[in-house]
Amino acid sequence: MERNIYEQLQLFLNRTDDENLVRAVGMFLDVMRKEVSLDSARLSWRYEMSISKGDLEILLHIIENTPEEQSTERYALAECAYGLAVNNADLDMRNQLGLTLGNAAVALGLVERFRFAYSELVSGLRVRKEFFQSDGDKVQELIDSFMEKWRDVASRLRLKEGLYVPLHERPLSLTVLESLLWNLDKGESKGLTTLIDTEIRLGHMLQELMPRGDDAPQLVGEILDLIAGMAAEEGDDWHGLKCCLCLGGALMRVGSFSEASVCFERAMASDSLSEKEPLWLNALARWTFCATLLDELELARNIAANLDEENARNSSGLIIAYAAEYGRFLVARKLLLILEGVQVDEKEYDETITGYLTQATMMVDQEVGDKTSYLRSLYFSALMREVNWMHATVRARLDEEGFS
């Protein structure tokens, strides 16, 4: 006999003493009783509750085995499970629950939530394809099929076909900020790995939405103003700082180096950021590289001069992420030195860079089984991809300038 969703959840709770899981399911029940709004509950599931991957798998099983007549309950529980997945899960579990949420939403005609879920799912699949060893062709086929399903829905309802464009008219700056905040973990963590998934997903959105010409700096200025206002209202400069760094990294990914520089400059001006932290060196390295690419060599030199080389080497011996970021900085400075006409022993310089980057391999877990190991592996993969791109850019600029 098929059990209804409430019976399945009760059986699940009978087998656990996890307070977070009990709270999450209790909030789902409050939503169904209309005692709590779904919007409010969604944020609580996203930011406040930690549950295991095994418990998420059980919730997924319950959602998939909910009777058709309980489609409203299925959708609400899918929202619950997806919020918990963003807060806790590895990439594949989040993707799986994103698909489940999208299907539950479209079954009720909730097109905006369907669009949101599929935009999250497609970004997650792009992360899988771009940064992890997997069957790229097969993943691309999945991406194409989900995009086609969205376009079919959009065409039937005469909607904009852009996957990252909300159906309700609103300022683009607010749309970008809301996406950034949804994916960015709160808290006082100063680890770089907590930012990388957010940065990459935001880059996917900006590929579709980023305006060109004079509208680009205006948009970024509006977003930075919103971030500053949010940080002031929350009394949390650290949260605003992490937003600036994610936005700057995402802008680099779409080639908006001038706008990215503004973000890194804003981050470097924060009193919350110490030069002993990898986040500080991340901002310094990327700002230096952006300024150099923009041929602002004097500015790039002044930025790079903020780094105490001896302290950087010492910190690199103690903090793996600092060593990784020092390697990134050395690539940026290599281009700067060469364009300034400074003689550089490229072989020796590259060996030094490789030595620091090799230390970052210690961050990588062989098995990507939870969110922490997933983010560590993603950070390293994204770092190496960016460094390789930086090296290629250095080579191209040298060829362009006629250097041998």
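Leu84 is in contact (heavy atoms within 4.5 Å) with Ala24, Trp45, Met49, Ile51, Leu56, Leu59 and Ala89, leaving aside its neighbours within four places in sequence. This is a predicted model, where local features need pLDDT of at least 70, side-chain atom pairs count only at pLDDT 80 or more, and totals for chains, interfaces and linings use all residues. Residues are numbered from 1 along each chain as its sequence is written, and side-chain values use heavy atoms, with hydrogens and water left out.

**Around Leu84**
- Leu84 sits in helix α5 (residues 71-88); helices are DSSP runs of H or I with at least four residues, numbered from the N terminus.
- Leu84 has 0% relative accessibility, so it counts as buried (under 20% relative accessible area, with a 1.4 Å probe and protein chains only).

**Where α9 meets α11**
- The axes (lines fitted to C-alpha atoms over the stretch in contact) of α9 (residues 172-183) and α11 (residues 215-234) come within 9 Å and cross at roughly 55°.
- The crossing is right-handed.
- Among the residues making the contact are Leu172, Val176 and Leu181 of α9 and Leu219, Ile223 and Met230 of α11.

**The buried side of α16**
- Ala312, Ser315 and Ser316 are the buried residues of helix α16 (residues 309-316).
- Viewed down the axis of α16, these residues fall within an arc of 100°, so they line one face of the helix; the arc is that of the directions from the axis to the C-beta atoms.
- Their cover includes α17 (320-339) and α18 (346-359).

Conventions. Axes are lines fitted to C-alpha atoms, for helices over the stretch in contact, and angles run from 0 to 180 degrees between N-to-C directions. Helices (H or I, at least four residues) and strands (E, at least two) are DSSP runs, numbered from the N terminus. A crossing is left-handed if the near helix is turned anticlockwise from the far one by less than a right angle, and right-handed if clockwise. Buried means under 20% relative accessible area, exposed over 50%, partly exposed in between (1.4 Å probe, protein chains only).
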